Structures are given as C-alpha cells and as structure tokens.
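Student: I have a structure open here and would like to go through it with you. Could we start with one of the helices and then move on to other places?

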Amino acid sequence: MKIALAHFRTGQTDGVSLEMDKWRHVLEENGHEVVYISGTPEAEIYLEELFYKNEKNLKFVDNAYRKLEDYQNEKELEAAVKKEAALIAEKLESKIKEAGIELLIPNNIFSLGWNLPAAVAFKKVIERLSLKTIAHHHDFYWERELYSNPVCSFVDELLEEYFPPRLEEIEHVVINKIAQRELKKRKGLNSTVVPNVFDFKQPLWQEDQYNQDLRKKLGIKEDDLVVLHATRIAERKAIELAIEFTAKLQNENLAGSLYDGRNFDEENRVVFLLPGLTEDNDSYVEFLDQHAKKNQVKLIWAADLFAHQRQEQDGEKIYSLWDSYVISDLITYTSIKEGWGNQLLEALFAKKPVVVLEYPVFQSDIKEHNLELASLGGKYSRRKDGYIKIEAEKYEPALKEALKYLKDGDYRKKAVEKNFETAAENFSYQRLEELLKGLLKQL
C-alpha cells in the first residue's frame, strides 16, 4: 500500500517527528511504500503552508488565539483562513493523486489547533477522494493553554468541527488512555491507543572508543556518580524535583563499593547532568542554576556537547544523547505532564534505574506494567514562585530504593533486566507492528 504520513515538520527531534519515523520504519518493514507530507523541504511531498513556523500561519495563530488585530473583524479572518484552506486543499489533492496515496496518516493536524486552514483542507481532500485515513493525535488543543480562549466564535466552530472531524473514512489513534477518554467525552469519537515505542532490538548503548572520554570531557571522575536528566529544559519537566532528590542523595551514606565495583570516597561527588536543549527558556534555566547552588548540587549544563547523533561541529566532537545514558548511574524523570514518556523508555532500554514522579499518563497507562522504579509518588504542589515541590517525606522511599540500585549490583541487575523485558514486550516496534496491522485490518 502507498501510505503518506503528514505533519507540520519532519526529520527533526520533536516527539511527533520521531514517532513518525518509527511508524514509517515499521510500515516499510511490512512491505508498504511510505512517504512524508510536511512543511519541511526534505519531505517527499513538500507543502510550505504546513510548516509550523510559516509566517502566514503564525499570523492566523496570533489573531485566532491571542488578539484579533491584523484583520478588521472576524469575517475578514474567516475569509483569509478559508482562502488559505482552499489553496492547501488544491495542492494536497493534486500531490496525493499524483503520488497514488491509498492511506493518509495526519499527525496532530486534526488535534492541535495550530494550523486551522490545514485541518479544513485535509478534511476536504479526505471527503473528496474517499481517502482511507488514520488520524494520529499526539496532543489535543484542549490540553494547551494557547488554544483555551479563542478570540472569536468562528475559531470555536473550527475547533469543534475539525479537531478532529467526524468522518467514516477516519480511524482515530491516541497515545494514552486519558486522551482516549477525553476524545470520547468531548467529541463522541472512539479511538485506539497506540503508545509511543522504542527499538528494543537495536544494539545496546555501551562504552566504546568514541564515548570513552566523555566523563573526562565533562570534568567527571570515573568514581563520581552521575544522575542524568535527559529531557529538554522545560518547566513541565519539574527538574527542580530532580535537583532536590540529588541533593538528598548526596547526603546519604554512599561511601565504599558501588554496584559495579567502583569505589566512592570523600574525593568523589554526585553530579547532576543536563544534556537537553534549553530552548530559550532563560528564566527557568536561571532558576535551576540558583536552585542547584542553593542545594549544593554540582549541575553540569552540557547541551552544546550533545546532539541526536554523533557528529563533528567546528572541529569539536559532538556526542549522541545515547552516550549520556552510557556514563550515567541513575536517571531522574520528574515531569508533571507527558503525553507518553519517551525518556522513560530510553532509560529502560539503557538498563538504568529510574527515579520517577508518577505523572498522570504514567498512572493511567504505564504503572499497570509493574516496572521496578524509585517512585516519588504522584502528588505535588506549587511553590510561591510557581515552580514544583513535593512533601519532604515523599523523597524517602525513592532514596531508599536508589541506594539499593547504587550499592547492590545484583539487586540493580535484576530490576533493570526485568524492566527491559517488560518494556520490550509492551512498548517495542514489534508491539507497534501488531497494533498497526490491527488498524489496517479495520480500514
């Protein structure tokens, strides 16, 4: 079958683009021909109007959700959106016919509310061509503050009718049970949960000639303990909790032999490593910096040394994000909100123990699999400055568990091996293949 996966961008490191790559891989492994439709030029079918930073669309977003100021009134905005939708529909229909597309898989186009004319256009083309469609919804507009107060009734109507549309040609896919319940409640639509997945059959990440100098490059001694927080630097990741956990961990009795035979003594430190992108989040970066100093945690900002893949930039060796997992001893994952939890899957694949705050989707979709984790519980509150805190006693069970992971090699090995097997069974490419076969059969 000739299949097109569509999104605002492709080939980038955002979560949706990465999941599309996984779907493409699995579909191609099963004999299908797959192409991308997106607003980035490397896609086989390039439509510049879809680009998430397209200037015309940014103007629509500002006027639809922030302030109506570039159009005289609501009618003028409506006319502009409809004109753009007609243009996109014409191009899209022509490209789909030309490529012989038999199945369309839009990603977030019918759920996020980011590109209003694109949703109108995609629905129109699906209807005109009676095109079989799997609408893959990673994020819904009702989950984001930006879309919560449209400036005019026309935008409200679009969100109701197109996000997502009710068409017999469309099978709906969501990434967690919370989204599944909300879609049914708000729109009366049934959907299939397809979790985010990871390639558990790839070679394990290990120390090799390329990454063997990484600790030294970061100023970390061989016997230092590395607590890794591998997410992007965003407030919903609640990294302040991971810093506080690290502060408490370094006050525990760590002296002596570690799980792998290294020896931790008064010359060694517990360091907190952040390889993720800061994404212009200056105020949060400054807060984390001060929070670490206040808690006497050695924080290492290392985004400049890491990329999605190993490479060289200006004569400097750049490491893969996976290399940061190789040198880590413990992973923290303290998000208060995730659509799924890709860094959690990465940690399970890397066979590293994890300290987790039980965010809502963890509780609804992941907890039932009984992974061996150091849990901080699922309750939190906000500090006076708006950042996240948990009760002091909530750290204690996680600290106790983390100490076992760091000091007892047998206990640690048993836990991480069990986690790897459980995750490989439930969140692997093979599981995605089963679910996709079921969806295609339904269609």
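Tutor: Let us begin at the start of α2, where a side-chain oxygen of asparagine 54 reaches to within 3.0 Å of the backbone nitrogen of lysine 56. Please keep in mind throughout that this is a predicted model.

Student: How does the span of helix α2 compare with what its twelve residues should give at 1.5 Å a residue?

Tutor: The two agree, because the twelve residues of α2, 55–66, should span 16 Å at 1.5 Å a residue, and the end C-alpha atoms are 16 Å apart.

Student: Which residues of α2 are buried, and what covers them?

Tutor: The buried residues of α2 are Asn57, Phe60, Val61, Asn63, Ala64 and Tyr65, and their cover includes α3 (74–99), α4 (116–129) and α5 (153–162).

Student: And α1, what is its reach from first C-alpha to last?

Tutor: Helix α1, residues 15–29, has 15 residues and reaches 21 Å, close to the 21 Å expected at 1.5 Å a residue. Its buried residues include Val16, Met20, Trp23 and Leu27, but also the charged side chains Glu19, Lys22 and Arg24. After the helix comes glycine 31, which has a positive phi near 90°.

Student: Switching topic, which residues other than glycine have a positive phi?

Tutor: Among them are alanine 238, with a phi of about 45°, and aspartate 314, with a phi of about 50°. Most residues other than glycine have a negative phi.

Student: Are those two buried or exposed?

Tutor: Alanine 238, in the loop between β8 (225–228) and α8 (239–249), counts as buried because its relative accessibility is 0%, where the cut-off is under 20%. Aspartate 314, in the loop between β14 (311–313) and β15 (316–320), is exposed, because its relative accessible area is 85% and the cut-off is over 50%.

Student: Where is there a cis peptide bond?

Tutor: The bond from phenylalanine 163 to proline 164 is cis, with omega near -10°, and proline 164 is found in the loop between α5 and β6 (170–174).

Student: What about arginine 262, buried or exposed?

Tutor: Arginine 262, which is found in the loop between β9 (256–257) and β10 (263–264), counts as buried because its relative accessibility is 13%. Its side chain reaches the backbone oxygen of aspartate 224 at 3.0 Å. Leaving aside neighbours within four places in sequence, the contacts of arginine 262 include Arg215, Glu222, Asp223 and Asp329, and aspartate 223 is 39 residues away in sequence but 5.8 Å away in space, C-alpha to C-alpha.

Student: And what does serine 324 touch?

Tutor: Not counting residues up to four places away in sequence, serine 324 touches Leu214, Leu228, Leu273, Pro275 and Phe306. Serine 324 lies in helix α10, residues 321–326, where its side chain reaches the backbone oxygen of leucine 321 at 2.6 Å, and its relative accessible area is 0%, so it is buried.

Student: Last one: what lines the second largest pocket?

Tutor: The lining has 20 residues, of which Tyr259, Asp260, Val326, Ser328 and Lys352 lie nearest the centre of the pocket, whose volume is about 400 Å³. By class the lining has eleven charged, five nonpolar and four polar residues. Helices α7 (214–218) and α14 (409–426) each supply at least two residues, and α14 gives the most, with five.

Conventions. Residues numbered from 1 in each chain as written. Predicted model: local features only at pLDDT ≥ 70, side-chain atom pairs only at ≥ 80, totals over all residues. Heavy atoms only, no water. 1 Å grid on protein atoms, 1.4 Å probe; cavity = no way out; pocket = protein on both sides within 12 Å on 5 of 7 lines; lining within 4 Å. Points joined across faces, edges and corners; volume = space filled by probe spheres on them. Helix = DSSP H or I, 4+ residues; strand = E, 2+ residues; numbered from the N terminus. Buried < 20%, exposed > 50% of the residue type's maximum accessible area, 1.4 Å probe, protein only. Contact = heavy atoms within 4.5 Å. Polar contact = N/O pair within 3.5 Å; in protein donor to acceptor, adjacent residues only side chain to side chain. Expected span 1.5 Å × (residues − 1).
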